[in-house]
Amino acid sequence: MSQISLFSPIQLGRVPLENRMVMAPMTRNRAEQGNVAGAMMAKYYRQRATAGLIITEGSQISPQGVGYPATPGIHNEAQVAGWRKVTDAVHDAGGRIFIQLWHVGRISHPSLQPDGAPPVAPSAVKPAGEAYTYEGLQPFVTPRALETDEIRAIVAQYAQAAKNAQAAGFDGAEIHAANGYLIDQFLRDRTNQRNDEYGGSLESRLRFLTEVVEAVIQAWSPGHVGVRLSPENSFNDMADSDPQTTFNNACEKLGKYGLAYLHMLEGEMLSAERKLDYRQFIDRFGGTYMANNGYTKQTAQQALEEHRADLIAFGIPFLANPDLVERFRQDGPLNEADQSTFYGGDEHGYTDYPFLDKAQALTG
Ligand code: 8OZ
């Protein structure tokens, strides 16, 4: 019997992939003026096109969705044209690429918002901590709770962003419902204290997610759409009183749409520990499951063999090793990631990580 390996192909919804190694979405703060993807981003993603699938950094669905400097958007023509350079570069190198659709909700700052307005959220609950702004770190402010009608308008913006992504040449879209951003703020009860149809009961907390999913699959097709969740990640001051139940229900609902995949950030960001029972999430979803967070070649291979995942998303390893697939194939050495160049800056720490094969670096 042939073993499933990281290097075996897989059909991801409507999209065939050459291997099961996914480049995880990572914010790199290198968009150009107007939050437009430029040539430097096209080069970075092209260098990583041997991943079975690339998932881009979060890309805002609206000006209100912005939470960090120099992060790309997908809500106007210039941004679509910018991303077209990226998708062309990746496709030219034989890769596949999904865009991650993002609205940060309360994880923003008036200085990043249209007209200097406060950020929006399900409820007026201020996150602990500080926002990354163009003027440096500044304390978070109390967000404004969205009106019910505004929520419906944001759902429509997700659908439009998916159409824009299609026009930009992406192979699909991942809905970012993880890590304490807007959709996650609706899912978890620390941040959702509403008592309309979008909060109160668990059923109501799940409504915004399911409406966004329904709008996006209608705009594109279920086989081109994935969703990312992070049930126990406390990043961005998040918590839920009963995460196993909340996310069991979310996974069961998501399982009914025939999505391309469910992408799970397991555990706390950058930790190997898992407190929740992910088997319950996998079984309730029932479709293609992409695991993420702290996997090595060995633990990834083991997860595939034990049917704890169908694909593995690698973040920092892909950031620092454009040819991670080849390095894993050869059991080659890995470059070390330079944390000081993760967020913002130029080509340094972005497009200058070396390839094993120096000739490849020149054409990359
Ligand atoms: C780290 C720094 C900035 C943004 C996420 C988009 O957690 C992010 C992010 C992570 O999904």
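This is a predicted model: local features need pLDDT of at least 70, side-chain atom pairs count only at pLDDT 80 or more; totals for chains, interfaces and linings use all residues.
Five elements each supply at least two residues of the lining of the largest pocket: β4 (53-60), β5 (97-102), β7 (130-133), β14 (311-314) and α10 (316-320). Helices (H or I, at least four residues) and strands (E, at least two) are DSSP runs, numbered from the N terminus. With three residues, α10 gives the most to this lining. A pocket here is an open set of points on a 1 Å grid over the protein atoms alone, where a 1.4 Å probe fits, with protein on both sides within 12 Å along at least five of seven lines; lining residues have an atom within 4 Å of a point.

Residues are numbered from 1 along each chain, and side-chain values use heavy atoms, without hydrogens or water.

The largest pocket is lined by 42 residues, and M26, F235, M269, L270 and Y343 lie nearest its centre.

The ligand sits in this largest pocket, meaning that more than half of its atoms lie within 2 Å of the grid points. Residues around the ligand, with a heavy atom within 4 Å, include T27, Y68, W102 and Y181.
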